[in-house]
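Colleague: Hi! I'm about to look at this one for the first time. Could you walk me through it?

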Amino acid sequence: MAGDSPFAGSVRGARLRFAVLRSRLFWIKAAVWLLCLAPAALLAWQAFTANLGPDPVARLEHGTGLRALQLLLLTLAMTPLRELSGRPEPIQLRRTLGLFAYFYMCAHFAMYLVFDIQFALPKLGEDLAKRTWITLGFSCWLFLLPLAVTSTNGWQRRLRRAWKSLHRLIYPAALLACMHFVWLVKKDETEPLSYLAILLVLLAARLPWVRLRAWRAAPREARPRMPGPAHRGEAKSRHGEQEPLG
Ligand code: HEM
């Protein structure tokens with residue numbers, strides 16, 4: 001309009017950009033939900049139609065365990081991805097991916113409780129004492145339990161700095177998950193060792209000098225806050241999310 005001030009125009013522009021961003025994020029999140037739920041739906045359908053192959057229990061345990069590990073690593077990939085791309089979306093997807101990882105871990109643990117030990121808790125105690133790989137998997141699940149519980153915005157506000165420290169448990173938990181896989185495989189260890197290698201790369205990407213290089217390489221206008229000790233702790237990104245967990 002002719003009478004509009006330049007300020008009103010820039011406010012309208014900002015609102016439009018915000019609306020575009022929100023709608024893009026909505027569709028990306030919808031796709032992530034679909035992709036994360038698809039493997040569970042497929043397993044449920046195959047179980048319902050008695051189509052799980054010659055060893056249905058192994059198929060269920062392997063299917064859920066592998067998906068849990070993949071989603072856990074994907075969650076950890078979001079921070080480096082944000083720093084490399086300078087885009088906010090990876091950080092906004094991190095919580096969803098982490099919760100889906102935990103969902104598959106719970107399903108995986110439930111398969112073991114139902115089919116392997118038929119809810120006999122003394123047997124769980126025995127396995128934890130005798131089988132290192134069960135101890136590793138269970139410790140990972142236990143480490144991530146408080147993270148799943150406190151993943152809401154309410155808990156994030158209530159716990160403040162402690163929330164960030166608590167959520168750093170994701171690093172040892174991911175290591176435990178990889179070791180659980182490495183330990184349980186008896187013959188060809190290529191697959192579990194590949195997951196361990198991916199984890200080590202993702203952890204290395206968090207080293208200050210690696211982050212600084214990535215920050216310098218990102219387009220100037222898309223750079224997140226300068227990484228470094230001075231900004232840790234109180235850091236809130238431009239997009240209103242705490243950083244960096246996972
Ligand atoms: C909560 C305690 C857990 C128990 C009791 C448990 C138990 C099992 C069992 C019984 C198997 C099958 C082993 C075999 O067939 O020889 C398995 C495999 C596996 N688990 Fe777990 N697990 C636990 C936690 C986890 C967690 C937290 C993760 C990942 C985040 C995980 C990832 C895997 C993977 C990747 C496999 C191998 C899948 C394959 O061979 O394709 N597990 N686990």
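Predicted model: local features only at pLDDT ≥ 70, side-chain atom pairs only at ≥ 80, totals over all residues.

Colleague: Thanks. Where does Q118 lie, and is Q118 buried or exposed?

Modeller: Q118 lies in the loop between α3 and α4 (121-130). Q118 counts as exposed because it has 8 C-beta neighbours inside 10 Å. The rule, with C-beta atoms placed from the backbone, is that a residue is buried if 20 or more other C-beta atoms lie within 10 Å of its own, exposed if 12 or fewer, and partly exposed in between.

Colleague: And what is the phi of F119?

Modeller: F119 has a positive phi of about 60°, although it is not a glycine. F119 also sits in the loop between α3 and α4. With 8 other C-beta atoms within 10 Å, F119 is exposed.

Colleague: Let's zoom out. How many helices and strands does the protein have?

Modeller: The protein has ten helices and zero strands. Both are DSSP runs numbered from the N terminus: helices are H or I with at least four residues, and strands are E with at least two.

Colleague: What share of the residues counts as buried?

Modeller: Of the 246 residues, 22% count as buried. As for contacts between residues at least 6 apart in sequence, 65% join residues at least 24 apart. Two residues are in contact if their C-beta atoms, placed from the backbone, lie within 7 Å.

Colleague: Back to α3. How many residues does helix α3 have?

Modeller: Helix α3 (residues 89-116) has 28 residues, and from first C-alpha to last it reaches 40 Å, close to the 40 Å expected at 1.5 Å a residue. The expected span is 1.5 Å times one less than the number of residues.

Colleague: Where is the kink in α3 centred?

Modeller: The kink in α3 is centred on R95 and comes to about 30°. The bend at a residue is the angle between axes fitted to the seven residues ending there and the seven starting there.

Colleague: Now the ligand. Which residues come nearest?

Modeller: Of the 22 residues around the ligand, the nearest are H62, G65, G137, W141 and A177. A residue is near a molecule or strand if its C-beta atom, placed from the backbone, lies within 6 Å of it.

Colleague: Which helices supply that shell?

Modeller: At least two residues of the shell come from each of α2 (56-85), α3, α5 (132-149) and α8 (170-184). The largest share, eight residues, is from α2.

Colleague: How many of the shell residues are nonpolar, polar or charged?

Modeller: The shell divides into 15 nonpolar, five polar and two charged residues. Here Ala, Val, Leu, Ile, Met, Phe, Trp, Tyr, Cys and Pro count as nonpolar, Asp, Glu, Lys and Arg as charged, and the others, Gly among them, as polar.

Colleague: How many residues are in the largest nonpolar core?

Modeller: The largest nonpolar core has 29 residues, and those with the most contacts inside it are L71, L72, A101, A174 and A177. Two or more residues of this core come from each of α2, α3, α5, α8 and α9 (190-204). Helix α3 gives the most, with eight residues. A nonpolar core is a set of buried Ala, Val, Leu, Ile, Met, Phe, Trp, Tyr and Cys residues joined through C-beta atoms within 7 Å.

Colleague: What does A174 touch?

Modeller: Not counting residues up to four places away in sequence, A174 touches L72, L73, L76 and L199.

Conventions: Residues numbered from 1 in each chain as written.
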